[in-house]
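Work through the exercises below with the sequence and the model open. Each task is followed by its solution.

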Amino acid sequence: MSRHTVAFTVNGIARRVEVEARRTLAETLRENCGLTGTHVGCEHGVCGACTVLVDDVPLRSCLIFGVQAEGASIRTVEGLAAPDGALDVLQQAFQDHHGLQCGFCTPGFLMLGTWMLERSERLNEDSLREILSSNLCRCTGYQGILDAVRAAARTLGRWDDDAGISSPA
Amino acid sequence: MTWVGRSLRRFEDPALLRGEGRFTADVAIGARIVRFLRSPLACGRIVSLRPPPDMPADALFITAADLNGTATIRPMLHRFAYRPVEQAVLPADRVHFVGQAIAAIVAPTAELAEDLLEAIELEVEAETALVTMDDALRPGAALVHGIAHGNVAVEGIVQSAECDTAFVSAPHVVEIAIRSHRQNATPMEARAGCAAYDRATGRVRLTASVQMPHMLRTGIAELLGMPESDLQVIAPDVGGGFGQKMALFPEYAVLVWLARHHRGDFAWIEDRYENLIASAHSRDQAHVLRGAFADDGTLLGLEADILANVGAFSAYPTTCGVEPLMAFAEYPGPYKVPAYSARARGVLTHTCPMAPYRGVSRPVITFGLERLMDRAAKAIGIDAVAIRRRNLVDAFPHQTVTGLTLDDASYVETLDDAVALLDIPAFRARQAAARAEGRYLGLGLAVFNERTGYGTPAFAARGMGIVPGYEVVDIAMTPGGEVEVRIGASPHGQGLRTALAQIVADRLGLAPDAIRIIHGDTDRTPYGWGSFASRATVISGGACQTAADKLAVRLRAAAATVLQARAEEIVLRDGAAIASNGSSVPIAALARQVHQRSDLFEGFNLAETASYDPAGTFSNACHAVIVEVDAETGHVRIERYLVVEDAGRIINPLIADGQVRGGVAQGIANALFEEVIYAEDGNILTGTLADYTPPTAAEIPAIEIHHRETISDATLTGAKGLGEGGSIGAPAAIANAISDALAPFGIEITEIPATPPRIRALIRAAQAPR
């Protein structure tokens, strides 16, 4: 199987790795870059545990190949906290609202949530629940995750208080 | 002000949130990769098995022949006509279920291992598979294992003449047949192991995503005939378990064998397909339940016929008796049942073996009992709340007809709380108005108890060959004044490092961040049974409390010397030892003195050991749910989900609510969504999460939780377990709510998951709305 040299940045740091064409971005990050914070939950693109931001868009890193990331700017969970380890607003909200238990799905939810908070559209109850239904969590029953992203959105001025609150489907 | 009872933020969280957690796959980077060839057929004879042509020199191909001399996995029960089914680590001649590991391939990378796996030449001569319990119980059916006649691996029977009498004389006999389809616990991290050989010592360190590290070490050492002390098992961060990661799986034995024989590091990171088809399944049960009732709704007798499809083998150490025998022993639930007859059978089939999953049989038992209560209320013409109130145990302790002792609880009170919170009359008015518009709302209740925190006596009563139950805790204070607590329990997401620190902190007058809970490493922790059965906070927590109290005695004695006071008058508070005259010494300073100036003290260290082995306790709860069923699509929308639960003293409310919510979400999945589906030939049709359909945030509603805290003297801390309760009530409450919603069609839910196709089939078969 042919090998390819790929260059991209991860959390602002330039990387150049050599990978087989068939190696997923998830494995490229984990194996070639040593960034094991990105977790692989299903390799089918269903669970979302491996979600990373590629050029500021959330992607399942198990569904794209490392070679497709040529020239991309990638962000992973390791890039969220400050260099001294201080949690960012969203990470802190996850701790405050018990948005994690075993922590395996958490990096994927954090990257999805990071994108949700950076979008131009503000969040409301409907969009919060709809977008967070992209990923699977087996421990929390989702309540803590919804509460955490909502709280972070409020802190960051990204919450639309005028939107109606509707119940889940 | 105590630390117990506070919603302390979890110590576990920061590392996990920074992506700095350490899961098994993270420590496996650089190890050689192991992949397993899995059986494509449910039943057959291995005719030939050949390595891939052109195997590279750095690859390995491992079959049963290589493992010659390895023992079989053969857990034991000494009661209930148990047939000791044996499972070879790798089979030599026959396959018993689709997904069974047949051979292992080792290669430097996962990609190369997958390539080689595809090139293995396997020929299996297919034989007829027995997939369902009907197949296996059919007279004259072939045998899955020769030693289990009629394919029954375990059978419990209790026959009561009083029960027969009750049924003869009772004015009302109500019967229900229920079916719970097969589930997979589906932790987000699938199974994983990395066995690393240490050439300096000859030992193997197995890092694995497991719930019972000590048990796994014992089991593997026995299988491979190696000194147990040559094996270290580490459960690092574990991405959920829910019971699935209790068992000794053959794959882990292969990893340790490879590390020992090939003197290197070998990792197997299970993929999701393997996990869905070949890890462990649960809850594939069918019950027929009959209740004899008086005119006023009093339950006079209960009969249960319990069948559990246990799959092809028996999981170590719990055995394949765990599901049928739990249903057998715990069916009376929270109700006064004066007479009980039951038969429970574990049926072998050519399917993935069954293992415990959160709640084990209790979700099925509760589904049966609570559907029976609703059906009986309707048959007798009394209210669904009234029939429960009449029969719930309300005086404690209560000896059940199956010999269990129910300690102080709040069965009636939690029901009353739920009823008050629901405002049922207002709901009935809304329901009637909705029906007039062709919309179907329903309300369902489930009252249940849950046996938790049970130690050796409970497991011994099952006749288990390996009897789990106790927990041991080693506690020591460093010269710096921090406390190291080494536990045999092994958390996998429950927040035990935080909750146990709260318990210890209160006893020592320290802040919880001075307490380090050390777990999941057989080299660093005392022998223990791990985390399962809602036991860790109760049993390990009780041992932690006792250990801390013993350490406190040592600290007070040392402080008495320093402060020239009597030990009895010293209190430990706010990080200091304080005498009654107000003089004090910081505990950290005391710790340093005891370690470094032992000439001044009697005794020179600050270490203690404690154990705890309780008989067990019972948590309880009432779940109540309001649903709307779309009669045209069969879709069920949960409008409101209410939990009133009583797990005794709550150590950390934040964590407790998280356990309840997570459990309810899995219960909702059980009720509405998840099902492992086999084709007739024994192949699995639900091999991805998109087919198995675990619920997302779109399907799980906000769950309203109310607590009661009945402090029972059955546990040292007053805490009862609550890890499983959430999952237990949901299937029954939701099935009752759907049945209530669809009452105009005369439909009752007796089969879960109640998926849209099942509900539509019931509606189609029913008459038009009356």
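Contact means heavy atoms within 4.5 Å. The model is predicted: local features need pLDDT of at least 70, side-chain atom pairs count only at pLDDT 80 or more, and totals for chains, interfaces and linings use all residues. Residues are numbered from 1 along each chain as its sequence is written, chains are lettered from A in the order in which they are written, and side-chain values use heavy atoms, with hydrogens and water left out.

**Exercise 1.** Describe the extent of the interface between chain A and chain B.

Step 1. Chain A brings 46 residues to the contact and chain B brings 58 residues.

Step 2. Buried area is the accessible area (1.4 Å probe) that two parts lose on being put together, summed over both. For chain A and chain B this is about 4,400 Å², with 59% of it on carbon and sulfur atoms.

Step 3. On the side of chain A, Gln95(A), His98(A) and Arg138(A) lose the most area to chain B, together 18% of what that side buries.

**Exercise 2.** Find how many salt bridges join chain A and chain B, and examine one of them.

Step 1. A salt bridge needs a side-chain nitrogen of Lys or Arg within 4 Å of a carboxyl oxygen of Asp or Glu. Between chain A and chain B the count is 5.

Step 2. One of them pairs the side chains of Arg138(A) and Glu674(B), at 2.5 Å from N to O.

**Exercise 3.** Classify the ring pair of Phe104(A) and Phe23(B).

Step 1. Rings of Phe, Tyr and Trp (its six-membered ring) pair if their centres lie within 6.5 Å; planes under 30 degrees apart are stacked, over 60 edge-to-face and the rest tilted. Over all chains the structure holds 13 aromatic pairs.

Step 2. The centres of Phe104(A) and Phe23(B) are 5.2 Å apart and the planes stand at 85°, so the pair is edge-to-face.

Step 3. Both Phe104(A) and Phe23(B) are buried (under 20% relative accessible area, 1.4 Å probe, protein chains only; exposed is over 50%, partly exposed in between).
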